[in-house]
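Open the structure in a viewer and keep the selection panel at hand. The tour below goes from one selection to the next.

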Amino acid sequence: MKAIFPKRRTIILTGIASIFLITMYTEFQGSMKNIALFKSQNVNRFLLIDTAGCKIPKLDPFDSSIYWYMGSASELKCEVKKDLLYTKNNVLFINWPLVKYYVPSLRYCKYDVIWRPANVETHNNYFQYINESQPFTTNQTISDEFIRVRCFNDRNEIVYRNAFSFVHLKRNVEKRCRENELKQTKDKTILNILMIGVDSVSRNNMIRYMPKTRNYLLQKMSALEFLGYNKVADNTFLNIVPMTTGKFVHELPWNASLVNVTFDKYDFIWNKFSRKGYRTLYSEDSPYGQIFDYQKAGFSKPQADYFDRPFSLAMEEMTDIWNSDHHCIHARPETDIVLEYTRQFIEKFRKSLFFHLHSLLD
């Protein structure tokens, strides 16, 4: 992580199961002593947690009693193998050799901006396409956050569509961050927060199906498993609210009678970091199943400085671009697309304060 965050210290919270909070990697001074102390405890062969106040049995993830319930796992391979358009940094490219082979009728492309206003209240599903570009056949430098690309044949018929995300500096955000950061007490240790949640994947299921990821976290990043930490209720929403507000859902207060009321008024953790001078990002895949939007009203304003819900909604609207049981957009897995937004954000702000929360639901 030092290559990505040379000037800042970073906490990475990787979530497995609805509660998100399972592994942690810290670089700040003294943390390794705490990790060593934690790892020296709970060494009983038969108990996951073995303390005076709590004993939790250590279950074998591959026990024969559950063998028939374990499905096989395989790598997702998109049905489409190559993308006709691709991006690098902030530049959009047309791969003309591939175009001539796969879609020889394609003559030119246009892009327009996928837009939702930042400071105006709208429906949580609102977005629109604005600022259509001129036709192009060469590389395009993109200064917008999200774009839809459409390509046409000689009869001006659409023969190809795609969508791309970019991360740019936002003047109003940088101004707020500078002003708020100056108000804070200077500390030798400044932490950036990067949270990635993988929904509904227990620790044992991660051992079964994500061994490479788990081993990388443990061996390469000195990750810490929060053994014994568990969910507080059933379903993601009821667990994310306590994690991001410090309150149970009924303490917000919120209940099923408020499904048409937005969540803007509640003080979530990203709001607290925003007031401390942090740039904030909130991202999820599967927009119609998102935590605060499924059978709920979502947010009337984007809940973070960088917020890709309009982008996800636009991709869902373009039904012809999906394949592989709705897991890929052309040659790109949906997970890769949303995590690319995360990568761009980290690269852009590697020397700045940021708070990032990303949930993989689908």
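**Second largest pocket**

The second largest pocket holds about 910 Å³ of space. The model is a predicted one. To find the pocket, select Ala118, Lys170, Pro302, Ala304 and Asp305, which lie nearest its centre among the 36 lining residues.

Next, colour the secondary structure elements around the pocket. Strand E7 (108–115), helix H3 (171–183), helix H7 (269–275) and strand E15 (306–307) each supply at least two residues of the lining of the second largest pocket. Of the contributors, H7 gives the most, with four residues. Colouring the lining of this pocket by class then shows 18 nonpolar, nine polar and nine charged residues.

**Largest cavity**

How many cavities of 30 Å³ or more are there? The count comes to one. The largest cavity contains about 30 Å³ of space. Select Tyr282, Glu284, Gln290, Asp293, Phe299, Gln303, Phe307 and Arg309 to display its lining. By class, three of the residues lining the largest cavity are nonpolar, two are polar and three are charged.

**Proline 61**

Move on to proline 61, in the loop between strand E4 (55–57) and strand E5 (85–88). Is proline 61 buried or exposed? Its relative accessibility is 10%, so proline 61 counts as buried, the cut-off for buried being under 20%.

Now show what surrounds this residue. Apart from neighbours within four places in sequence, proline 61 is in contact with Ile66, Met70, Asn204, Ile207 and Arg208.

**Asparagine 204**

Asparagine 204 sits in helix H4, which covers residues 203–209. Draw a distance between the C-alpha atoms of proline 61 and asparagine 204: the separation is 5.3 Å, although the two residues are 143 residues apart along the chain.

Which residues does asparagine 204 contact, leaving aside its neighbours within four places in sequence? They are Leu59 and Pro61. The relative accessible area of asparagine 204 is 18%, so this residue is buried too, as the cut-off is under 20%.

How values were computed. Residues are numbered from 1 along each chain as its sequence is written. This is a predicted model: local features need pLDDT of at least 70, side-chain atom pairs count only at pLDDT 80 or more; totals for chains, interfaces and linings use all residues. Side-chain values use heavy atoms; hydrogens and water are left out. On a 1 Å grid over the protein atoms alone, a cavity is a set of points where a 1.4 Å probe fits but cannot get out, and a pocket is an open set with protein on both sides within 12 Å along at least five of seven lines; lining residues have an atom within 4 Å of a point. Grid points are joined across faces, edges and corners, and a volume is the space filled by probe spheres set on the points. Ala, Val, Leu, Ile, Met, Phe, Trp, Tyr, Cys and Pro count as nonpolar, Asp, Glu, Lys and Arg as charged, and the others, Gly among them, as polar. Buried means under 20% relative accessible area, exposed over 50%, partly exposed in between (1.4 Å probe, protein chains only). Contact means heavy atoms within 4.5 Å.
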